[in-house]
Amino acid sequence: MTMTRLDLTGLKCPLPALKTRKALQSLQAGERLEVRCTDPLAVIDIPNLIRETGDRVEILDRSDRGILFLIEKATAAE
């Protein structure tokens with residue numbers, strides 16, 4: 001399973017969600033994307049984006065240093 005890492009620290013809304021959407025377009029089903037953000041709105045924006053795309057998201061870490069998301073690209077059957 002392939003893991004792609006995306007460091008979006010320092011970017012403000014809406015850039016983290018837009019760059020995450022673009023990165024997801026290049027992934028194949030089952031591949032994972034790790035996204036690191038510092039924008040507090042990303043905790044709302046990125047899960048909403050993933051709800052739209054039908055993929056899966058999990059917040060691995062949420063601290064003063066930022067937010068770490070793990071996103072898995074859904075398979076075509078899902």
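This is a predicted model: local features need pLDDT of at least 70, side-chain atom pairs count only at pLDDT 80 or more; totals for chains, interfaces and linings use all residues.
1. Start with helix 2, which covers residues 42-53. Its twelve residues reach 16 Å from the first C-alpha to the last, close to the 16 Å expected at 1.5 Å a residue. Just after helix 2 comes Gly54, with a positive phi of about 85°.

2. Which residues of helix 2 are buried? They are Ala42, Val43, Ile46, Pro47, Leu49 and Ile50. Looking down the axis of helix 2, you'll find these buried residues within an arc of 155°, so they line one face of the helix. As background, an α-helix has 3.6 residues a turn, so residues three or four places apart point the same way.

3. What do those buried residues pack against? Their partners are helix 1, strand 2 (32-37), strand 3 (56-63) and strand 4 (66-72). Turned away from the buried side, the other face of helix 2 carries the exposed residues Arg51 and Glu52.

4. Now look at Pro16, which sits in helix 1 (residues 15-25). Pro16 is buried, at a relative accessible area of 3%. Beyond its neighbours within four places in sequence, Pro16 is in contact with Leu8, Leu11, Cys37, Asp39 and Ile46. Pro16 and Arg51 are 35 residues apart in sequence, and their C-alpha atoms are 16 Å apart in space.

5. Cys13 is in none, and the nearest cysteine sulfur to its own, that of Cys37, is 11 Å away. Cys13 is partly exposed, with a relative accessible area of 38%, whereas Cys37 is buried at 0%.

Note on methods: Residues are numbered from 1 along each chain as its sequence is written. Side-chain values use heavy atoms; hydrogens and water are left out. Helices (H or I, at least four residues) and strands (E, at least two) are DSSP runs, numbered from the N terminus. Buried means under 20% relative accessible area, exposed over 50%, partly exposed in between (1.4 Å probe, protein chains only). Contact means heavy atoms within 4.5 Å. A disulfide is a pair of cysteine sulfur atoms within 2.5 Å. The expected span of a helix is 1.5 Å times one less than its number of residues. The arc is that of the directions from the helix axis to the C-beta atoms.
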